[in-house]
Amino acid sequence: MLTVSNVSKTYGGKKLFEDVTTTFDPGKRYGLTGANGAGKSTFMKILAGELEPDNGEVTRPARSRLSMLHQDHYRFENERIRDVVVMGNKRLWKAMQDKEVLLAKGADMTDDDGMKLGELEMAIGEEDGYNAETEAEQLLTGLGIAPAMHEEPLSRLDSAMRLRVLVAQALFGNPDILLLDEPTNHLDIDSIRWLENFLENYKGVLIVISHDRHFLNEVCTHTADVDYENIIVYPGAYDEMLQQKIEFRTQSEKGNASKQKKILELQDFIRRFGANAKKASQAQSRRRAMERIDMVDLKRSNIQRPFIRFEVKKPSGKLVLEVDKLGKSFGTQVVLKDISFTLQRGDKLAIVGPNGIGKTTLCRALAKQLETDRGKVTYGHEASIGYMPQHHEESVSKDDPKTAFEWLYQWDQKASVQEIRGLLGRMLFPSEDADKTLRALSGGETARLLMSKLTLTKDNLLILDEPTNHLDLESIRALTEAMQKYEGTLVFVSHDQYMVQDVATCVLELRGPAGCDFFPGSFEDFLAKTGRQASGIR
């Protein structure tokens with residue numbers, strides 16, 4: 001059990017939460033939710049003991065082992081990948097290292113060394129260290145790290161794959177308390193489903209932050225929501241929490257309205273008859289009744305939802321995009337081979353496949369950001385391309401001195417200042433944030449700025465590569481609805497399964513050197529035709 005007592009925290013002059021008291025029980029899996037900047041990561045660091053609260057305390061069971069996902073892979077980059085995972089159990093790793101030092105003494109080992117070696121063997125056994133390498137390999141393989149890489153240094157992997165190793169490190173050794181901050185970042189859908197299955201069998205205290213609604217609904221039995229300067233634990237996963245939260249807020253607002261009406265009636269009686277000697281006792285009784293009325297303190301929610309609408313300035317022709325035997329290699333590595341498909345006006349194509357299979361490469365090629373080696377891409381009559389890259393710095397350079405307003409204004413200088421600021425306001429940029437420099441923008445703000453551009457340019461062919469990156473759950477829901485209502489043609493990549501299910505009208509599965517398969521119809525049709533379950537798709 002993890003116990004939180006009267007914990008408060010203010011950051012940068014903003015009160016995040018106050019007097020939080022709750023418990024997190026073993027066998028229950030808690031999603032920690034809230035808007036960007038609400039204090040989720042801050043609270044998790046307090047739980048881990050990495051950050052002190054302003055007041056209050058966190059109590060952890062004696063001799064319990066807590067593991068937290070850290071996303072600083074540079075400290076391990078020279079370590080062997082399998083060893084990085086085993087380092088997740090600090091006691092075991094130290095015992096194994098100390099054992100190696102003693103064994104290296106060989107014939108020079110003393111009697112004291114022998115006694116120490118026996119103690120180390122006992123510690124290794126208690127931590128199930130003799131199965132450590134096997135467990136580490138199973139975790140790595142489940143998260144998509146090929147066995148051939150397990151002996152290599154972490155530096156051999158790109159940043160996305162390194163983060164997978166750190167997820168394995170956090171999971172290693174069956175910790176009593178497991179804290180995961182955005183564990184699905186850079187995981188493909190196969191690896192996310194594997195992680196879901198792993199966590200569903202976890203018996204300790206699990207607290208996880210994620211912007212993947214499907215993941216939260218699959219994994220979590222409870223939801224701890226950071227809002228109203230408080231943290232409230234609800235039974236059920238994210239969707240159930242949201243329904244309960246809305247119902248409680250609605251009932252409380254109705255109750256307050258009813259109480260306020262009663263107060264006004266009492267005040268009216270007191271005002272009319274308070275000076276009347278015959279009715280003085282009645283007026284006094286109503287004053288006491290008014291004092292007993294307890295209004296619910298409804299603090300303002302910190303959850304905000306952007307207004308996203310992708311419109312089309314000028315419709316394209318009926319045939320929008322024709323791809324014929326497209327191919328691309330990097331050195332000897334074939335990334336795209338014989339990619340062929342056709343899109344009609346209004347089609348919404350989801351590109352799926354494991355990480356590294358070429359999804360981003362194909363998006364960049366379709367958006368005219370990358371030349372291919374062979375094949376042909378033909379755009380239909382009046383086709384106008386809007387592109388949102390996975391890596392935002394491709395479009396929004398942190399070295400650019402412009403403000404958010406200046407960057408957006410350059411895409412339509414016929415628009416008025418009021419129109420640009422109005423658009424930014426709808427995308428959650430109040431006037432002071434609209435004047436931030438690009439360098440000062442957070443990941444979520446940069447993503448919303450890129451979407452603002454697409455709402456401004458009104459292109460009829462949108463290519464969105466992982467558009468949910470850095471967005472909170474409310475922004476993802478708003479984006480999904482905007483994609484559903486978009487009347488142009490859409491090509492997108494997303495690991496958010498709800499987005500793929502709700503938006504796609506056709507699916508392109510990339511298969512590397514084996515080419516691709518195009519499936520007309522919804523994501524559910526694709527699953528049915530390929531004989532797969534939703535939890536098994538890449």
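**Entry 1: aromatic pairs**

I began with Trp194, which is partly exposed at a relative accessible area of 23%; here buried means under 20%, exposed over 50% and partly exposed in between, using a 1.4 Å probe and protein chains only. The model is predicted, so local features need pLDDT of at least 70 and side-chain atom pairs pLDDT 80 or more, while totals for chains, interfaces and linings use all residues. Residues are numbered from 1 along each chain as its sequence is written, and side-chain values use heavy atoms, with hydrogens and water left out.

I then looked up Phe198, also partly exposed, with a relative accessible area of 26%. I counted rings of Phe, Tyr and Trp (its six-membered ring) as paired if their centres lie within 6.5 Å, with planes under 30 degrees apart called stacked, over 60 edge-to-face and the rest tilted. By this rule I noted 11 aromatic pairs. Phe17 and Phe43 are edge-to-face, with 5.5 Å between centres and 80° between planes. Phe17 belongs to strand S2 (residues 14-24) and Phe43 to helix H1 (residues 40-48), so this pair ties together parts 26 residues apart in sequence. Helices (H or I, at least four residues) and strands (E, at least two) are DSSP runs, numbered from the N terminus. Both Phe17 and Phe43 are buried. The rings of Trp194 and Phe198 have centres 5.5 Å apart and planes at 25°, so I recorded them as stacked. These two residues are four apart in helix H7 (residues 189-200), about one helical turn. I also found Phe17, Phe24, Tyr30 and Phe43 linked by ring pairs into a cluster.

**Entry 2: nonpolar cores**

I took a nonpolar core as a set of buried Ala, Val, Leu, Ile, Met, Phe, Trp, Tyr and Cys residues joined through side-chain atoms within 4.5 Å. The largest has 52 residues, and Val165, Leu180 and Leu199 have the most contacts inside it. Helix H6 (residues 159-171) supplies the largest share of this core, eight residues. A second, separate core has 45 residues, including Ala404, Leu438, Leu449 and Leu490.

**Entry 3: helix H18**

I listed Phe523, Phe526 and Leu527 as the buried residues of H18 (residues 523-530). They cover an arc of only 95° around the axis, which puts them on the same side of H18; the arc is that of the directions from the helix axis to the C-beta atoms. Ala528 and Lys529 are exposed on the face turned away from the buried side. Just after H18, Gly531 takes a positive phi of about 70°.
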